[in-house]
Amino acid sequence: MSKNKKKIYKPKPVSGFSEWLPEIRMIEQQWLDHIRRVFESYGFTSIETPSVEEIDVLLAKGETDKEIYTLTRLQADPDDDKEARLGLHFDQTVPLARYTAQHFNDLVFPFKRYQMQRVWRGERPQLGRSREFVQCDIDVINVDHLPLHFDAEMPAVIYEALDGLDIGRFQIRISNRKILLGLLEHLGIDDTIAVTRNVDKIEKLGRDEVHLILAKECGLSDEQIIQILDLATDSVLADIDPLNDQMREGLDELNFVMDQLSHLPDHAIKADLSIVRGLDYYTGTVYETVLLDHPEFTSSICSGGRYDDLAGSFINKRLPGVGISIGFTRLFEVMQNFGKVQGHRKGPADILMVLPSEDRRADASETARLLRRRGFKVEQYHAPQKIGKQLAYAEKKAIPFVWFPPFDDDGKHEVKDMNTGEQSETSPDNWTA
RNA sequence: GCGGCUGUAGCUCAGUGGUAGAGCACUCGGUUGUGAUCCGAGCUGUCGCGGGUUCAAUCCCCGUCAGCCGCCCCA
């Protein structure tokens, strides 16, 4: 006898693309449902844009360092460049800009929208950094002018959204780029991107290390650096003297936002001038969020900021906006890694309906329907196997109740609580868990 | 994109220059309508892939791919 082996493709995960077992997925859905409810409670409306955009759209803001996955047909003629070049979106802000410009006449401004979709970046994956991940974005966009109140609404929404998840304490750190940029202007420093990018690393590398980098890479004098680092690490806003109008404006805005958020717990909100975000399209308020109870994970799990003109590349209108984005997959994956996400239920069913025998199937189905109509989630066992087997199935799937319909015409309904082992007579009309 | 480490069963891993093992998981059984424990039996592998050295390679050498970690960047 020869083993007639069929060729099987050994399944393996693709790095940076995660998938969960049913019990974990159930928790992920609960988290997403919660976030969605909070977003909607503030009046944000849902949109969904395609996974792909034209490459030209994705690059409209001149971002070249993002690793974009492109989309081509396997059968495409490699010499045929007439095909539209498509790429998977790497964030939800660029699609939002395109969407807003495209549907400008049909949208109501200020346009408050939320978007919870996957995005793709061709990066090297590691814990908290995937190549495919879900972001939960909220943004508000208005025409010409966007009131500063919205800058304060963002952290308020995010606080509620994150507070409902089991992630321990967290801190939303807020700053305003105008403050540091004003100082750089005052000091006559032009290469603001390099400087801000390094100031952003103060917490990670320490003040001294950043000092060295700024001297070496940006060619700043000790005096300049000390002024910059003093500002970035000074957390008492009232002590800061504005050196020009830009700084004054930034300080006023930041003070206003902090003032509006005074109802939140102290630890959850902090003005932190070292937060500047490496991205240069933010023009005012900026946000970052860290997990206080898990300091070993230092990256931000929720960031964003204000931009003066979202869709300038797509429409001849000035559309200022402010937005913030929960790095959902990052957060979920990291919390899983810390053992904080533990699935118990392997399915949604509350009740497993036992099938006593084939000729009792109609009766079991009817009982199940009755219970479903009363709002219970009921799964029917598929075959009239031994009761022990049916119970073992409920046990494995962690279904909390097992329902025994009558085994014969004179029988009674019984229900068994799988946690306590207790079993008692009942009726599908009035049973409650 | 750069650097370090690692690839053996579905999972966690052990092992040897003479083509492999444990635990867990999975399947079946321990007779009637009741799970978690226990006992018994069974199933599972191109030892990541390609080449080299050797009578002989899962083991040694080279390459390659993949994964993990750090950097870069960021959610």
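**A tour of chain A**

Select helix α4 (residues 149-163) and helix α10 (residues 245-260) in this predicted model. Their axes are 9 Å apart, and the two helices pack at an angle of about 45°. That angle makes α4 oblique to α10, and their crossing is right-handed.

Now show the side chains at the contact. From α4, pick His149, Asp151 and Ala152; from α10, pick Phe256, Val257 and Gln260. Sorted by class, these contact residues are three nonpolar, two polar and one charged.

Next, colour chain A by domain. The domain assignment gives domain 1 as 22-73 + 80-337 and domain 2 as 351-426. The C-alpha centres of domain 1 and domain 2 are 51 Å apart.

Move on to the open sheet, where five strands follow the order β13-β12-β14-β15-β16 with mixed pairing. Which strands stand at the edges? They are β13 (378-380) and β16 (423-426); each has a single partner strand, so one side of each has no neighbour in the sheet. From one strand to the next, the twist averages 25°.

Within the sheet, select strand β12 (residues 351-353) and strand β14 (residues 401-404). These two pair in the parallel sense over three bridges. Leucine 352 is found opposite valine 402 in β14.

Helix α12 (residues 361-373) lies across β12, β13, β14 and β15 (413-417), and runs at about 170° to β13. Helix α13 (residues 387-397) also packs on the sheet, where it touches β12, β13, β14 and β15. The direction of α13 makes about 155° with that of β14.

Terms used. Residues are numbered from 1 along each chain as its sequence is written. Chains are lettered from A and ligands numbered from 1 in the order in which they are written. This is a predicted model: local features need pLDDT of at least 70, side-chain atom pairs count only at pLDDT 80 or more; totals for chains, interfaces and linings use all residues. Side-chain values use heavy atoms; hydrogens and water are left out. Domain bounds come from an automatic or database domain assignment. Axes are lines fitted to C-alpha atoms, for helices over the stretch in contact, and angles run from 0 to 180 degrees between N-to-C directions. Helices (H or I, at least four residues) and strands (E, at least two) are DSSP runs, numbered from the N terminus. Angles under 35 degrees count as roughly parallel, over 145 as roughly antiparallel, 65 to 115 as roughly perpendicular and the rest as oblique. A crossing is left-handed if the near helix is turned anticlockwise from the far one by less than a right angle, and right-handed if clockwise. Contact means heavy atoms within 4.5 Å. Ala, Val, Leu, Ile, Met, Phe, Trp, Tyr, Cys and Pro count as nonpolar, Asp, Glu, Lys and Arg as charged, and the others, Gly among them, as polar. Two strands pair if DSSP finds at least two bridges between them.
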